[in-house]
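Please keep the sequence and the model in view while reading.

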Amino acid sequence: MKRYEKFVLEAEKGITFEVSEGENGELIIKAKNKVSIYSENYANPPILKGYEHVVGEWYNGFVIERKSDRSQFVWVPVGYLDSNGTLDGKTFNEKFGRRNYLNEGFSRGRYNESVKDDLELQLESVKKYGGFYISRYNVSKNRITSKPQSLEGKYPWTNINYDEAKKVASTFEKREDITSHLTYGAEYDSILEWIIKSGAKTHFEVEEDSTKWGNYWNAENSLRKIAKTGSKNEWEANHISDLAGNVDEITQEKNRDTNCVTRGGFYDETGYKFPVANRWIWSIRSKDECTGFRIALWIK
């Protein structure tokens, strides 16, 4: 048998090895359980000051509502997810992060998302609390105040470009303990992984064909026009409405400096061509009646 002067052990980040000697002089190497960097308290979502819990549990959509305007948000239990996401676009060993749906080639640098600014803060918050809150509905505009809101029965805020959506999203909450921002790709994909892992939708329904749970033109229950938020129960998963179809969603994921990435599909396209996991390269200056956005909350 060939003898080696040295050998190398490799394991997923977070796993350590324990080395000891056996009774017969043999070398014993044990891989110790990976210690998660994400809080295991994800099953106890924090109820934020000025909000109240209105429906659902952590495993099927824990919804809180802002008392001042009834805007609703859903808890995404990141600590519950598998470590198959990416923050650097290369290694897929994160619970919180983007996923390589549809074989879209992260390794070739087609999509990028730097872990800095709001995303860096959100990562630390997710580690601390085990999850984050996402708007239950596509953002709409209050007809009186023109402020952003997450309410049922409103038309999504469309005809808005990337910079405008980012600015509007940041105005929803500006408190010392809570702020808001335009959804990142890492957040969007964490939501989709939770929907799959929880059993709310299958991997096929998320990645391949989202026809049955969205407002698409080829669906039997299609409206053939933009629907108001939360129009149909079948367009909801874990209490998050209209991820599939109706309007696609601007995210902070990028292709180049001049292009951002929108996700999902819209009412004038098919659910198999534009499933909810779909990425679409979109100019940061573009505006369209089929494109809206969501907001996520950061908790100190």
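Is Glu236 buried, partly exposed or exposed? Glu236 counts as partly exposed, at 21% relative accessibility; by the definition applied, buried means under 20% relative accessible area, exposed over 50%, and partly exposed in between, with a 1.4 Å probe and protein chains only. The model is a predicted one, in which local features need pLDDT of at least 70, side-chain atom pairs count only at pLDDT 80 or more, and totals for chains, interfaces and linings use all residues. Residues are numbered from 1 along each chain as its sequence is written, and side-chain values use heavy atoms, with hydrogens and water left out.

Glu236 meets Arg136 in a salt bridge, with an N to O distance of 3.2 Å. The term denotes a side-chain nitrogen of Lys or Arg within 4 Å of a carboxyl oxygen of Asp or Glu. Arg136 lies in the loop between strand 6 (132-135) and strand 7 (140-141), and Glu236 in strand 11 (residues 236-237), so the pair ties together parts that are 100 residues apart in sequence. Strands (E, at least two residues) and helices (H or I, at least four) are DSSP runs, numbered from the N terminus. Arg136 is buried, its relative accessible area being 11%.

Side chains of opposite charge can pair when their charged atoms come close. Across the whole structure, the search finds 17 salt bridges. One of them joins Arg263 to Glu253, with the closest N and O atoms 3.9 Å apart. This pair links distant parts of the chain, ten residues apart, with Arg263 in strand 15 (residues 259-263) and Glu253 in strand 14 (residues 248-256). Arg263 is buried at 0% relative accessibility, and Glu253 is buried with a relative accessible area of 0%. Both residues belong to a network of salt bridges that links Arg98, Asp189, Glu253, Arg263 and Arg279. A further salt bridge is formed by the side chains of Lys273 and Glu269 (3.8 Å, N to O); here Glu269 is buried, with a relative accessible area of 17%.

Strand 6 also holds Ile134, which counts as buried at 0% relative accessibility. What does Ile134 touch, leaving aside residues up to four places away in sequence? Its contacts (heavy atoms within 4.5 Å) are Phe73, Val74, Val76, Thr183, Ile191, Ile240, Arg294, Ile295 and Ala296. Ile134 and Arg294 are 160 residues apart along the chain, yet their C-alpha atoms are separated by 7.3 Å.
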